Amino acid sequence: MVDASKQHRLAAELAGGTVGGVMQVIVGHPLDTVKIRLQSEQGGKYYNGSWDCLTKTIRQEGFRGLYKGVGPPVLMVGILNGVMFSVNGQMKRLVAYGFDKESSKDLSLPQVVLAAFMTAPVYCAVLTPTEYVKSTLQFQSAGVARVYSGPIDVIAQTVRKEGILGLFKGYGVTVGTRILGSPWYFASYEVMKRQFYKFNGEDKLRLWQSMLAGGTAGAMFWTGNFPVDSIRTRIQTQRGARLSIAETALSMFREGGIRAFYRGFGAAFIRSFPANAVVFLGLEWTLLSLGYENF
């Protein structure tokens, strides 16, 4: 039988991640749109870097163009972040149980990394369809033929043409991005959290410390997994014949060498700090408000 206190903690992590996720979308979606458009370009290049993409989008589509595809994230990213943090919290508790630790606070850094690996396949089962819809809509710009009128249309057309599994296009490579990025994300936050505990003289974070640690975790995440995320974006936005992960990677390399895997990295890296700072702010503020310890 599951301990009631652990169930309540799980619910609190779900709520906190949801609050943080909504804040992340509001702050980070414009530069996420820039990243997606640069990553998904094939053949001739319409944009000459992040700044060119940003200014062209605003000039041709208005500021609202930067929030294209924001419907699924606003509705889902809050829930997705809630799922990610609650699943990771549960995995940390499972690892703690498996290694006979009193609580997840007592985990070593390698054990935190193990919990991050365990989180990836579960979380990506929820993440992949949302990323597919979001990336597909963000890919539609002034330089790309408009095929879909909105999120519901993407879902309807995809299911009609490819069945429900079409929404899970890129699941394997999405898991790959999280297996590479999540250990950096959760472990770097854990390292900074423990250093702040020592600095504070107590096992409690100030909110500004949560933001600093969260922003750093976001930057580490994108530094660790960006090339694989570029492959994921290309797979999920490609039209016509579907290529495998290896074929997509080879095609990208032929187009632009190693640099092809880093198109949009500048926008992603700049976005990563504020977007993830507010994620952890929302998470930790919610946990604190509900009377729980830090994540």
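I take lining residues of a pocket to be those with an atom within 4 Å of a point of that pocket. The model I am reading is predicted.

**Entry 1: the largest pocket**

I looked up its volume first. About 760 Å³ of space lies in the largest pocket. I then listed the lining, which has 30 residues. Lys6, Arg9, Arg93, Ser103 and Ser104 are the closest to the pocket centre.

Which helix gives the most to this lining? I found H3, with 7 residues. Helix H1 (4–40), helix H3 (71–98) and H6 each supply at least two lining residues. By class I noted 14 charged, 9 nonpolar and 7 polar residues in the lining.

**Entry 2: aromatic pairs**

I searched the whole structure and got 15 aromatic pairs. I picked out Tyr189 and Phe280, which are stacked, 4.0 Å centre to centre with 20° between the planes. This pair links distant parts of the chain, 91 residues apart. Tyr189 is in helix H6 (residues 171–200) and Phe280 in helix H9 (residues 265–289).

Are these two buried or exposed? Tyr189 has a relative accessible area of 2%, so I call it buried. Phe280 is buried too, at 0%.

Next I checked Phe221 and Trp222. Their planes stand at 85° with centres 5.1 Å apart, so I logged the pair as edge-to-face. Both Phe221 and Trp222 are buried.

**Entry 3: the cluster and a charge**

I traced the ring pairs onward. They link a cluster that includes Phe85, Tyr185, Tyr189, Trp222, Phe280 and Phe295. Over the ring of Phe295 I found the charged end of Lys92, 4.1 Å from the ring centre.

Key: Residues numbered from 1 in each chain as written. Predicted model: local features only at pLDDT ≥ 70, side-chain atom pairs only at ≥ 80, totals over all residues. Heavy atoms only, no water. Phe/Tyr/Trp six-rings, centres within 6.5 Å; stacked < 30°, edge-to-face > 60°. Helix = DSSP H or I, 4+ residues; strand = E, 2+ residues; numbered from the N terminus. Buried < 20%, exposed > 50% of the residue type's maximum accessible area, 1.4 Å probe, protein only. Lys NZ or Arg CZ within 6 Å of the ring centre and 35° of its normal. 1 Å grid on protein atoms, 1.4 Å probe; cavity = no way out; pocket = protein on both sides within 12 Å on 5 of 7 lines; lining within 4 Å. Points joined across faces, edges and corners; volume = space filled by probe spheres on them. Nonpolar A, V, L, I, M, F, W, Y, C, P; charged D, E, K, R; others polar.
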